Amino acid sequence: MERRAFGNTGMEVSILGFGGAEIGKETDLSKVEELLGSALDAGLNMIDTAECYGDSEELIGKTIANRRSEYYLFTKCGHASGLDYKDWDPELLEKSIDRSLKRLKTDYVDCIHLHSCSEDVLRQGAVIEVLQKAKQQGKTRFIGYSGDSINALYAVQTGVFDSLMVSLNIADQEVIDLTLPEARKRGMGIIAKRPIANVAWTYDELPENAYPYKYSQRLKELQYDFLRDREQAVADALHFTLDTPGVDTAIVGTNKPGRWSQNAEMLAGTSLSHDKYQEIRARWKEVAPKDWVGLT
């Protein structure tokens, strides 16, 4: 699997990263072991999880802690998720980080991201200080911000973060003009989340509370021609995200062990032309209203 320099960190990350949210509710340990093992075997070397993804951190620790040298490990903090504190309390963050390390069965992670923290909280400074302290203590090698729109822009402009995780896909392009240029100037590693727009074009109907709903509504207005071929559309959508200048890796979640080798083959065997990329961008600029901001 292709690897790219992750900003100025010195890490070389696979262009696909494992998103740990979907395994958080899995009860079959052998299935998780097969899923994560197949991802590593396919050449993937970056795993992203979070304090609030159910049992995701514990499952990663139980199944592939013995392969720790084969992957970069990222997690997030900010939400109480069972600890008796308010979200974003500095003491909560310290305890959350220690809990994550214990769950993951490791002495350190490669990056800790603040998990969708607002600009107001960032401006107070305390949450940033906690992450900087964790870095000084060797609990994490780098610190980052995960979030979108003007909150992400402010995080980038602070200049303190090494990594940025943002929503970017064919139905979510605000970041391309708003935030990525600033992040690239600062040499930040950039992770695209929701890179295939939750395959929202494959659903005929969705309830309003469904996770892909807003993307499905946007895509109905965008009316991209290439979505008519549903299978090829996945490859084209993923290539669009990965071809956006500055993107180093894209987080993809799945509960199907064979999917990682399929994804690797899909990326190796197809490409998105420059003209097609520009057509997708032009259509977005033509149709998207100002309130189509990045979705967290």
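This is a dialogue on how some labels in a predicted model follow from their definitions.

Colleague: What should I know about the model before we start?

Modeller: The model is predicted, and local features need pLDDT of at least 70, side-chain atom pairs count only at pLDDT 80 or more, while totals for chains, interfaces and linings use all residues. Residues are numbered from 1 along each chain as its sequence is written, and side-chain values use heavy atoms, with hydrogens and water left out.

Colleague: How many aromatic pairs does the structure hold?

Modeller: There are five aromatic pairs. Rings of Phe, Tyr and Trp (its six-membered ring) pair if their centres lie within 6.5 Å; planes under 30 degrees apart count as stacked, over 60 as edge-to-face and the rest as tilted.

Colleague: Why is the pair of Phe240 and Tyr277 called stacked?

Modeller: The ring centres of Phe240 and Tyr277 are 4.7 Å apart and the planes stand at 25°, so the pair is stacked. Phe240 is in helix α10 (residues 230–243) and Tyr277 in helix α12 (residues 274–287), 37 residues apart, so the pair links distant parts of the chain. Helices (H or I, at least four residues) and strands (E, at least two) are DSSP runs, numbered from the N terminus.

Colleague: What makes Phe240 count as buried or exposed?

Modeller: Buried means under 20% relative accessible area, exposed over 50%, partly exposed in between (1.4 Å probe, protein chains only). Phe240 has 0%, so Phe240 is buried. Tyr277 is buried as well, at 9%.

Colleague: Why is the pair of Trp284 and Trp292 called tilted?

Modeller: The centres of Trp284 and Trp292 are 5.5 Å apart and the planes are at 50°, so the pair is tilted. Trp284 has a relative accessible area of 7% and is buried; Trp292, at 10%, is buried too.

Colleague: What makes Arg68 lie over the face of Tyr108?

Modeller: A charge sits over a ring if NZ of Lys or CZ of Arg is within 6 Å of the ring centre and within 35 degrees of the ring normal. Arg68 is at 4.6 Å from the ring centre of Tyr108. Arg194 lies over the face of Tyr211 at 4.1 Å.

Colleague: How do you know that the span of helix α3 agrees with its 15 residues?

Modeller: The expected span is 1.5 Å times one less than the number of residues. For α3 (residues 90–104) that should be 21 Å, and the end C-alpha atoms are 21 Å apart, so the two agree. Buried residues of α3 include Leu92, Ile97 and Leu104. The buried residues of α3 pack against α2 (56–64), β5 (72–77), β6 (109–115) and α5 (126–136), where contact means heavy atoms within 4.5 Å.

Colleague: What makes strand β8 (residues 163–167) mostly covered?

Modeller: Five of its five residues are buried. Ser163, Met165 and Ser167 lie on one side, Leu164 and Val166 on the other.

Colleague: How do you know that β8 pairs with strand β9 (residues 189–193)?

Modeller: Two strands pair if DSSP finds at least two bridges between them. Five bridges join β8 to β9, and the two run parallel. Three bridges join strand β7 (residues 140–146) to β8, also parallel.

Colleague: What is the phi of Ser149?

Modeller: Ser149 has a positive phi of about 55° although it is not a glycine. Most residues other than glycine have a negative phi. Ser149 lies in helix α6 (residues 149–158) and, at 15% relative accessibility, counts as buried.
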